[in-house]
Amino acid sequence: MSQQAELVRRFAEWQTTAVDPSLCPVRDVLDRLGDKWTTLVLLVLAGGPRRFSALGRAVPDISKRMLTQTLRELERDGFVTRHVFPTKPPSVEYRLDALGHSMLEPLAALVAWAERNHAAVAAARTRYAASEAAGHRP
């Protein structure tokens, strides 16, 4: 069975079950991975453990507040572990946990797809905006 057919089959199966949409594993996991910062933080941590300040430098447009929130959520969801070292002042290091490492292969495929198709997405956005500006959109 093709990947496309398998995805269609699985989605149809989910729709016929009486599962609470809030418990959908796809929504739940992709909600975390699809936010603006999670993927970038995971990509940085794929290179090895990092301290908070090093993560902030690696993703320079993330605020400290958003980095803190993203790391807490990744830790809560089991992707990242936080290690506190008994120094003065204490130093904290973040690293991928086993679940985070297991995400790297599908994440690499998604990143490669994004790199290959970014120009096509940008062109589609330009065409859409031009069509909208010309009044061709309802």
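User: Which residues are linked in a network of salt bridges?
Analyst: Arg-32, Asp-35, Glu-73, Arg-76 and Asp-77 are joined in such a network, where a salt bridge is a side-chain nitrogen of Lys or Arg within 4 Å of a carboxyl oxygen of Asp or Glu. This is a predicted model, in which local features need pLDDT of at least 70 and side-chain atom pairs count only at pLDDT 80 or more, while totals for chains, interfaces and linings use all residues. Residues are numbered from 1 along each chain as its sequence is written, and side-chain values use heavy atoms, with hydrogens and water left out.

User: How far apart are the closest N and O atoms of Arg-32 and Glu-73?
Analyst: They are 2.9 Å apart, and the pair links distant parts of the chain, with Arg-32 in helix α2 (residues 25-33) and Glu-73 in helix α5 (residues 64-76), 41 residues apart. Helices are DSSP runs of H or I with at least four residues, numbered from the N terminus.

User: Is Arg-32 buried or exposed?
Analyst: Arg-32 is buried at 9% relative accessibility, and Glu-73 is buried too, at 17%; buried means under 20% relative accessible area, exposed over 50%, and partly exposed in between (1.4 Å probe, protein chains only).

User: And what about Arg-76 and Asp-77?
Analyst: Their side chains meet in a salt bridge at 2.9 Å, N to O, with Arg-76 exposed at 57% and Asp-77 partly exposed at 27%.

User: Switching topic, where do Glu-6 and Arg-9 lie?
Analyst: Both are in helix α1 (residues 3-16), 3 residues apart, about one turn of the helix, and their side chains form a salt bridge at 2.8 Å, N to O.

How values were computed
Helix = DSSP H or I, 4+ residues; strand = E, 2+ residues; numbered from the N terminus.
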